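I opened the notebook to look up how charged and aromatic side chains pair in this model. The entries follow in the order in which I checked them.

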Amino acid sequence: MQKFNEKALVLQDACLGVMTKVSFLHNTIGKGSGKPDCLTYDGWTKIRRTLEKKFPESANIAGVAGYDTFRTSAPQICEQLADFYWTMQDLLELMDATSQLLVATFQGIMQFRLEQNRVIIKRVMKLFTSFVQLHLVMDGFNDRKMLVSLYAAAHQVKTNAVEPSFVRIGHLVESFDNPIRKVISDVENMSIASQLSYVIMALKPAIDAYLATETLRRNNMLNPTDEAGGLALPVRQPLSLQHPKQFLHSEMQDADQYMLWTVYVGIACPELLLREDRQFLTLFNTVSRQYLTVPVFRDQQLSVHQVNEELAKWFPPRNYKIRPPADLKNLKNLFKEEAKEA
């Protein structure tokens, strides 16, 4: 438990740090007048085209028009782009480390009940949400492939050797063309769908209570004046008769976070939407109706219903490992109705 807490805190801080760095780079070298000269210099147009055609593999640019000036400027190009390139290296290593810890932790949780594993469940779900957000934060960084290619090409010209991490970084950056497909693939490879479902179902009673405003009002939960007699010890009021060890006030404080986790789990692990019991699908639809967008990082938002409708165009793919019920083979109509209600 202590070891997991330490690792999770370190990785959570690292996720925040990398997303902050990506946001900073996007606002500086990623757009406008802050773009590096190597992205815009007309004399290297053919070099950029050659790199673009070969990406994510390394390209031989010797003999391409502009090579002589590029070779001369290679040290400066490396210096200009090093911050971005090594941030991508950090992102790659962080995603690997986070997925490994998530798999180990989910496999080690024996009871998916808040009253028994509240701290671990909250921490692992915060880390899972950050893992998904790491995939999404690169969306809109349009020059990411070219920045990586130019750094690798300049490094190769300068040192006469291919940068060792280029292939992996190149494939990572290319996968961000469709970050939703990338995160779905990564989560599927982790084989944690059942564990994610157990966690979200453990949060369902609190989400249901949070959305039942009339019941909360009848219990004076929303009225400090009428509830004044119980305010000295508000944590003593149980969530429900079925969940006497979960306390209403603390669960209501965290319920909006539970709903956010539900949305991210549904987007990153859509196989849960196809299960015959429909428990997760019903909860996901209920929660999705409460949102138009969910936060990714700072001012970046994810349009929930747009993502759902795009997802429904291709998911489930042909010959998918799960055979959905006949009326769930086409999720498009379901998500359209959900978007209208939102």
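**Charged pairs**

I began with Glu57, which forms a salt bridge with Lys54, the closest N and O atoms being 3.7 Å apart; I use the term for a side-chain nitrogen of Lys or Arg within 4 Å of a carboxyl oxygen of Asp or Glu. Lys54 is partly exposed, at a relative accessible area of 38%, where buried stands for under 20%, exposed for over 50% and partly exposed for what lies in between, computed with a 1.4 Å probe on protein chains only.

Before going on I noted that this is a predicted model, in which local features need pLDDT of at least 70 and side-chain atom pairs count only at pLDDT 80 or more, while totals for chains, interfaces and linings use all residues. I also noted that residues are numbered from 1 along each chain as its sequence is written, and that side-chain values use heavy atoms, with hydrogens and water left out.

I then looked up Arg168 and found its side chain in a salt bridge with that of Asp96, at 2.9 Å from N to O. This pair links distant parts of the chain, since Arg168 sits in helix H7 (residues 166–175) and Asp96 in helix H4 (residues 67–108), 72 residues apart; helices here are DSSP runs of H or I with at least four residues, numbered from the N terminus. Asp96 counts as partly exposed, at 28% relative accessibility.

Next I checked Asp254 and Lys122, whose side chains meet in a salt bridge of 2.9 Å, N to O. Asp254 lies in helix H11 (residues 248–268) and Lys122 in helix H5 (residues 114–136), so the pair ties together parts that are 132 residues apart in sequence. Asp254 is buried at 11% relative accessible area, and Lys122 is buried at 18%. I also recorded that salt bridges with shared partners join Arg144, Lys145 and Asp177 into one network, and that the structure holds 13 salt bridges.

**Aromatic rings**

For rings of Phe, Tyr and Trp (its six-membered ring), I took centres within 6.5 Å as a pair, with planes under 30 degrees apart counted as stacked, over 60 as edge-to-face and the rest as tilted. By this rule I have eleven aromatic pairs. Tyr85 and Trp86 pair edge-to-face, 5.1 Å centre to centre with 90 degrees between the planes; Tyr85 is buried at 0% relative accessibility, whereas Trp86 is partly exposed at 34%.

Definitions and conventions
Helices (H or I, at least four residues) and strands (E, at least two) are DSSP runs, numbered from the N terminus.
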